[in-house]
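Hi,

Here is the structure I promised to pass on. Have a look at it first, and my notes follow below.

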Amino acid sequence: MILVASENKAKIKSVEKAIALMGLSNDVKGLKVASGVRDQPMSDQETKQGAHNRAQQLKQLHDADYYIGIEGGVQEIDGVWMETGWICVLDKTDRVGYGTSGRYQLSNKIMNMIHSGMELADVIDHITGQTDVRSNQGAMGIITNGLLPRDEAYIHGILFAFGPFVSPSLLWDE
């Protein structure tokens with residue numbers, strides 16, 4: 001069994017797609033747990049910590065083969081605000097793997113609303129007039145005009161996070 005630290009259908013769907021590519025168990029379940037970080041993480045460090053916290057909480061509460069935490073957050077890089085999703089995978093032995101989705105730029109308009117205290121998903125809902133964008137195409141789907149929805153955008157980050165589990169052991173510390 002693979003547990004995802006979220007009930008968000010886009011996150012669960014991305015895990016299902018990634019594990020299908022790897023040929024792993026298709027028994028995936030999403031469970032809600034807290035991230036232990038702000039609702040809108042404002043740095044890579046905070047976002048990575050949120051993903052790890054989510055996976056760790058699942059591991060403490062449930063039995064599974066893998067525990068996956070996914071956390072989206074923003075990071076300022078040389079004056080440009082970027083969004084990315086951090087993924088943490090834990091197994092029963094406490095082995096850990098990390099990956100990220102691709103990054104995309106956020107406008108000053110969006111960041112001004114985030115700095116006023118709104119979460120990115122709420123900003124996108126507000127600007128577009130849509131509801132629950134986070135569970136569907138996500139901000140990345142809106143930014144790419146539907147070309148790269150959230151469930152697709154997270155797949156490569158999930159695959160990278162599974163690297164320590166699926167690649168030759170000679171690549172990793174013993």
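A word on terms to begin with: helices (H or I, at least four residues) and strands (E, at least two) are DSSP runs, numbered from the N terminus. This is a predicted model, where local features need pLDDT of at least 70 and side-chain atom pairs count only at pLDDT 80 or more, while totals for chains, interfaces and linings use all residues. Residues are numbered from 1 along each chain as its sequence is written, and side-chain values use heavy atoms, with hydrogens and water left out.

Now the overall picture. The chain has eight helices and six strands, in the order β-α-β-α-β-β-β-β-α-α-α-α-α-α from the N terminus. Its C-alpha atoms fill a box of roughly 45 × 30 × 30 Å along the principal axes. Of the 174 residues, 51% are buried (under 20% relative accessible area, with a 1.4 Å probe and protein chains only). Contacts are heavy atoms within 4.5 Å; among those with a separation of 6 or more, 57% join residues 24 or more positions apart.

One residue I looked at in detail is Arg54, which sits in helix α2 (residues 44–61). Arg54 counts as buried because its relative accessibility is 14%. Its side chain reaches the backbone oxygen of Val33 at 2.9 Å, a polar contact (a pair of N or O atoms within 3.5 Å; within protein, one must be able to donate a hydrogen and the other to accept it, and residues adjacent in sequence count only if both atoms are side-chain atoms). Leaving out residues up to four places away in sequence, Arg54 touches Ala5, Val33, Ala34, Ser35, Gly69, Ile70 and Glu71.

Cheers

Definitions and conventions. Buried < 20%, exposed > 50% of the residue type's maximum accessible area, 1.4 Å probe, protein only.
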